[in-house]
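I am keeping short notes today. I looked up helices, loops, rings and cores, one after the other.

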Amino acid sequence: MQCRALAVLVLTTVALAQDSSRSQPELKSVTVPITLDHNRVVIDVDISLPDGSTTRIRGWVDNGNPDLYVSERVTKLMGLGMACDSQSCSTRPPREIVIGGMRIPLASLKTATVPRKPHSGDGVMAPGMSAEINLPSTILRNYDVLINYPDRQFTIAPSGTLKFNGGKAKAIVNSENGLIQIPSQIEKKKINLALDLGASISLLAPELFDSFAAAHPAWPHMTSAVGPANMWGLDSEPTWKLMRVDRIQYGPLFLTDVPVAEFPKDWMAFFEKRAGIPTAGLLGANALVNYRIGLDYAHSTVYFDIGRLFNFPEFDVIGLILRPEDDGRFTILGIADFDGKPSVAGGPDGVQPGDHLVAVDGIPASGSTMGQVWSMLGGEPGKDRKLTLERSGKQFTVIAEVHHFLGESQETHVEKGSSKKK
């Protein structure tokens, strides 16, 4: 009798627990902290493992990309399996991820890309990042999303449930992939610019960039992708052209002195095809870090709520162009000029392309993210940084000065002041 009573008690307890689990209401919204790394929004994400346990990884909120990426380590942890070629692997997507207790199904996606990396680099999506999975536009479009840069918060909620504040723009949302375009204007020229909060720098189509650069030589400009323009460490980044656009009308916003890079020509056709409409480039996170950005996909509307007024010294840095490697090291691709001269000493006793950046002021660089390394390389113009470098297995140090890149020269400043007085 005692055994029968115990069995009934156990079964009753299990049934009540199941009923309680089923009766728990779905979360209306969740808000989680943001790590802003190289202008990229990174959050904590929980995934379920085959043994029923969960583990926490880092996720990149990437509304400008419709494709799902996962690290090789996550694929193995979840037992998803992979099919590979010489460049990359593919896998079936995880069934779901969990953000702050809210379950985010991924079943609508057919496949996920797994970049092929050596064992030392299989724990991240891409070199120089901490994220092991991204939240692409194809998933985000099913929700209301608020990216709060000033307060470093990310909110996600079922579609139609969040109340947004600020000025609003009627957006063009691609129905197939959730990519967003905002009607914009530069110098009375009407264009579409994508909203890509996963991009560390804004990008303009080559012909548009070149035409504005030729028409406005007084706009600050330079060559070499330093600071936030050093996106991925591509071989071409030392030759990228940068410029500050005097004024961009972006939906309801009037943004001034916006740093942009010239869109690589081999990217532009692919980018426009994926957008589904004519587009002139994208506005990246660098132009919007003072705002709370609300993405109301259901109503094709984007909200811009100003949270602070601050000019970030994003180009007050050491003039290096870096490539993050799969093994966690950082290779120097080039040196930016400043006032017509190399900004860092070169030659046998200075910095050379191919050197590895070991440390900045004694702080190790290896294993850091791009954002962390660029924070080390930033500071007040005129201040020195001690760079520890490695070449052919030998370490040495170089003293480098922080410069104010992409700023107005004294001559340009005088010209602008004179023109305003006329």
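Why is helix H6 (residues 370–377) largely enclosed by the rest of the structure? I counted buried residues. Six of the eight residues of H6 are buried, so the helix is largely enclosed. I note that this is a predicted model.

**Entry: helix H6.** I listed the buried residues of H6 by name. They are Met370, Gly371, Val373, Trp374, Met376 and Leu377. I then checked what follows the helix. Glycine 379 comes after H6, and its phi is positive, near 150°.

**Entry: a loop residue.** I looked up asparagine 174. It is in the loop between strand S14 (172–173) and strand S15 (180–186). Is asparagine 174 buried or exposed? Its relative accessibility is 15%. The cut-off for buried is under 20%, so asparagine 174 counts as buried. Leaving out residues up to four places away in sequence, I found asparagine 174 touching Arg141, Leu179, Arg274, Ala275 and Gly276.

**Entry: aromatic pairs.** I found eight aromatic pairs in the structure. One of them joins tyrosine 250 and phenylalanine 304, edge-to-face. Their centres are 6.0 Å apart, with 70° between the planes. This pair links distant parts of the chain. Tyrosine 250 is in strand S19 (residues 241–250) and phenylalanine 304 is in strand S23 (residues 301–306), 54 residues apart. Both tyrosine 250 and phenylalanine 304 are buried.

**Entry: a charge over rings.** I checked arginine 40. Its charged end sits over the ring of tryptophan 60, 5.8 Å from the centre. Arginine 40 also lies over the face of tryptophan 232, at 4.0 Å from the ring centre.

**Entry: nonpolar cores.** How many residues does the largest nonpolar core have? I read 112. The residues with the most contacts inside it are Ile99, Phe154, Leu195, Leu288, Ile293 and Leu357. I followed up leucine 195. Not counting residues up to four places away in sequence, leucine 195 touches Asn63, Ile180, Ile182, Tyr250, Leu283, Leu288, Ile293, Leu295 and Val302. There is also a second, separate core of five residues, which includes Trp60, Met125, Ala126 and Met129.

Note on methods
Residues numbered from 1 in each chain as written. Predicted model: local features only at pLDDT ≥ 70, side-chain atom pairs only at ≥ 80, totals over all residues. Heavy atoms only, no water. Phe/Tyr/Trp six-rings, centres within 6.5 Å; stacked < 30°, edge-to-face > 60°. Helix = DSSP H or I, 4+ residues; strand = E, 2+ residues; numbered from the N terminus. Buried < 20%, exposed > 50% of the residue type's maximum accessible area, 1.4 Å probe, protein only. Lys NZ or Arg CZ within 6 Å of the ring centre and 35° of its normal. Contact = heavy atoms within 4.5 Å. Core = buried A, V, L, I, M, F, W, Y, C linked by side-chain atoms within 4.5 Å.
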